[in-house]
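Subject: Structure for you to look at

Hello,

Here is the structure I said I would pass on. Please open it first, then read the notes below it.

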Amino acid sequence: MAEVTLLETRGLTRRFGGLTAVDAVDFRLSRGEVRAIIGPNGAGKSTFVGLLSGLIAPGAGSIAFDGQDITRMPAHRRVRAGIAYTFQITNIYPAMTVLENAAIAAQSRLGTGSEAAIEAAARAALAAVGLSDLETRRAGDLAYGHQRLVEVAMGLALAPKLLILDEPTQGLSDAEIANFIAVIRRVAASATVLLIEHNMDVVMALAGRITVMENGRILAEGTPDQITRDPAVQAAYLGGAS
Amino acid sequence: MIRHNPRLFALCLAVIAAVFGAQFVLAGYPVLALTRILILAVFAMGYNMAMGYAGMLSLGHALFFAAGMYAAGMASRYGAVGLPVAFGIGILGAAAVSLGIGLLALRTRTVSFMIVTLMFAQVGYLLTLQFADVTGGDQGLTLSERGFALGPVAVDMTSGAARYNVAAVVFSVVLLGLYALTQGPVGRLFAAVRENPERTRMLGYDVARIRLAAFVLSGTVAGTSGALYGLTFGFIGSSFAEFRTSIEALLYTLVGGPGTLLGPVLGTALMTVLIDRLGGLTAAYPIVVGALLIALTLWFPKGLLGTIRDRWLPWLK
Amino acid sequence: MDLAPYLLLAGLEGLVEASVLMLSALGLSLVFGVMRVVNVAHGEFYMLGAVGGWAIASLVPDHPALGFALALLIAPALVGALAIAADRGILRRIGYDPEATIVATIGLSYIIQQVVLMTFGPDARAVEPPFYLNIRFPWFGYSGYKLFIVAVAAVLVGALWVGLRRSRLGLMMRATQFDRETAQNFGIPVGRVYSGVFAMGAMLAAVAGVLIVPANQAHYLMGHDPLLMSFVVVIVGGLGSIPGTIAAAVLIGLSDGLMSVFFSPTLAKIVSTLLVALVLVFRPQGLFGKAETRA
């Protein structure tokens with residue numbers, strides 16, 4: 001099948017003092033796939049997606065997204081270009097209602113012209129994550145699992161081409177994780193998904209391909225099957241973790 | 001927008017109706033006091049756009065009030081233009097000054113922002129003193145142009161009733177305009193920048209530009225008030241550019257409730273009436289202001305309407 | 001016509017101003033450095049020192065030296081007590097929120113100013129210097145008392161410097177400044193350190209006020225300019241940096257003395273205020289501070 005490249009990095013590097021957090025990474029993501037990045041703590045996963053989203057400026061290398069070079073593009077313009085990013089630590093507007101949270105995301109795409117259109121888009125995003133019943137509640141009053149879903153809904157309301165999720169299931173209960181997997185499966189029908197995840201059950205349930213990082217480099221890449229059988233991966237990561 | 005917060009919209013209309021109705025009940029001095037309240041309420045509403053809605057606590061809004069006042073007043077005195085044109089020039093002048101100051105001051109945040117805005121405003125005040133031969137300095141300037149034609153109607157600004165109705169019209173337009181702005185997507189965006197700038201950036205917004213827009217809006221409305229004040233009463237002077245003017249906007253907003261549309265209006269009315277009542281003890285005025293500033297920060301940081309909003313009426317925003 | 005005598009006189013005046021400024025600015029800087037709040041009532045503490053000094057000195061009308069010595073001891077102590085009350089009663093209760101502190105201390109400054117006006121009246125009050133000594137230069141004579149101010153300020157700043165480096169209190173202050181919570185966990189009484197620092201900042205301003213009264217006069221509005229100039233010094237020197245503050249005080253005191261020879265006072269104020277605002281905008285760490293950015 002013909003794979004269209006959505007995102008590609010070449011020699012992407014970022015150093016913090018003496019530490020090379022991301023070391024000359026060449027990475028390619030195809031349109032429509034669900035990709036998981038795994039690796040031990042300190043492997044450079046969060047820094048890597050931070051570079052993709054524009055939260056962190058690269059030291060060297062280039063990033064191309066949807067056919068254009070975005071290496072120097074500021075973060076907010078990358079979001080407009082189609083890269084949505086959800087924070088590792090829940091980052092919402094706690095004092096506002098759930099609907100307002102989603103509406104702020106929706107109006108980023110729709111402009112401030114029509115309040116009716118904004119609300120409709122916000123409601124659609126909330127419905128997609130199953131939060132319709134809670135739309136008038138203060139976001140900060142919700143349970144933690146629901147706050148994470150608010151965050152995903154905000155990502156969806158942007159109608160992104162690429163949705164980056166940084167450890168989305170951290171701190172969720174088993175039931176919430178099952179619901180989360182179902183939500184992401186629906187999202188994957190319309191967007192490319194890149195997630196950093198420690199929970200291997202989530203990775204195996206969602207990811208079409210897996211990238212393994214270690215010490216700022218890509219150690220291995222392949223289908224879940226290939227990765228679980230890769231001896232280097234077993235030695236470096238799977239053996240120690242679970 | 002109207003369907004978004006119908007109760008607040010109804011309340012705004014009621015306030016406007018009360019404002020126009022008041023002149024048939026009151027006469028003489030109260031009308032003059034009310035005229036001042038309406039004009040200063042516009043100032044406080046403008047201040048509230050930056051301080052309450054967008055979370056930028058400025059200590060320099062006297063500069064924008066004075067920019068509007070001087071641009072309008074100088075145009076009227078030296079420019080041989082009619083009052084409506086001078087008013088427009090005042091608004092444009094305030095917009096230009098707030099854009100320039102915003103571009104500089106918004107590079108800083110919180111405490112530095114407060115000090116920087118204070119210092120720029122102080123420079124503005126000192127400039128009005130330095131160029132006293134043009135501005136009138138401390139003594140001020142009286143403006144001789146005291147009337148204008150509105151189509152076939154001649155409006156005489158020496159008449160108390162005319163001044164009151166001009167102020168009431170400007171007040172109403174500003175109130176409704178800010179209602180439309182704050183109760184829809186733009187107001188939500190200001191609040192988003194105030195509550196969580198990092199998240200807002202990662203939703204695709206240029207936070208610096210939104211802050212600048214809110215700041216320029218705020219300064220322009222403040223300057224509209226200054227222009228109206230100068231042209232309405234036919235006098236401009238350095239004292240309006242003093243630090244005290246900035247503190248008054250802050251005080252009115254804090255009393256009424258930052259981030260509520262009608263809070264600054266209520267705060268202006270209450271404080272102006274209170275100060276008039278204290279007329280016999282003018283010496284005590286700064287003590288009252290000082291004690292209120294402390295008491296509000298200690299026990300009442302959300303002001304009157306802000307507290308009512310949080311306790312009982314969530315639509316009062 | 002020789003310019004040298006004018007420059008010497010301006011330099012001397014600048015040095016006196018720099019000394020007073022150094023004390024007052026160090027107080028502001030200390031408070032900002034440790035507590036991370038800006039005290040807008042700082043200028044009123046200076047004014048209270050001056051007015052209080054006058055009130056105390058006028059209790060012993062026949063012994064200027066004794067009166068001055070008492071003023072130098074008692075006035076700052078009273079101001080320090082007031083500062084502790086303000087810290088306990090206001091700042092602590094608002095949790096040292098930076099913005100709320102500015103608003104509350106603006107309120108405090110209004111109250112202090114007005115109370116002084118209503119108690120002592122609007123007149124400027126003179127205090128007799130503790131001694132008369134005219135130092136003769138070839139071109140003019142100069143007040144020995146003014147040079148005494150410079151000496152006292154230098155000694156005080158030196159003592160403060162050594163004290164903060166060596167003493168337990170200095171150590172506790174640095175620990176609190178570095179990380180409030182950790183300091184608390186290590187058993188440092190952070191609340192008392194804050195009160196102490198706030199009082200010390202106020203007392204430095206008050207000492208500056210007492211020192212300047214015999215040379216200038218005491219007046220209820222005299223706190224404005226020192227507040228502004230202290231801001232200027234603290235900002236140019238780098239917020240919270242003591243050596244930077246000292247260097248900036250000397251630089252600004254001297255240049256202000258020189259500027260007043262060539263410019264009108266209003267124009268000099270316009271230029272200095274504008275420059276400092278621009279420093280804060282483009283180089284928030286100050287001209288002498290290291291380039292580490294802080295929110």
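A:Leu12 stands opposite A:Val25, a residue of strand 2 of chain A. Strands here are DSSP runs of E of at least two residues, helices are runs of H or I of at least four, and both are numbered from the N terminus. This is a predicted model, in which local features need pLDDT of at least 70 and side-chain atom pairs count only at pLDDT 80 or more, while totals for chains, interfaces and linings use all residues. Residues are numbered from 1 along each chain as its sequence is written, chains are lettered from A and ligands numbered from 1 in the order in which they are written, and side-chain values use heavy atoms, leaving out hydrogens and water.

Strand 1 (residues 5-16) and strand 2 of chain A are antiparallel and share 8 bridges; two strands count as paired if DSSP finds at least two bridges between them. They belong to an open, antiparallel sheet of 4 strands in chain A, ordered 2-1-4-5. Strand 2 (19-30) and strand 5 (68-69) of chain A are its edge strands, each pairing on one side only. Helix 1 (residues 45-53) of chain A packs on this sheet and touches strand 1, strand 2 and strand 4 (60-65) of chain A; contact means heavy atoms within 4.5 Å.

Another open sheet in chain A has 6 strands in the order 6-7-8-3-9-10, with mixed pairing. Strand 6 (83-86) and strand 10 (217-222) of chain A each have a single partner strand, so one side of each has no neighbour in the sheet. Strand 3 (residues 34-38) and strand 9 (residues 209-214) of chain A run parallel, joined by 4 bridges. In this pair, A:Ile38 stands opposite A:Val212.

**Chain B against chain C**

How many residues of chain B are in contact with chain C? There are 34, and they meet 36 residues of chain C. The two chains bury about 3,200 Å² between them, 85% of it on carbon and sulfur atoms; buried area is the accessible area (1.4 Å probe) lost when two parts are put together, summed over both. B:Met119, B:Leu126 and B:Ile294 supply 18% of the area that chain B buries against chain C, more than any other three residues. Between chain B and chain C there are 0 salt bridges (a side-chain nitrogen of Lys or Arg within 4 Å of a carboxyl oxygen of Asp or Glu). Helix 5 of chain B gives the largest share of the side that touches chain C, 14 residues.

Regards

Conventions
Axes fitted to C-alpha atoms, helices over the stretch in contact; angles between N-to-C directions.
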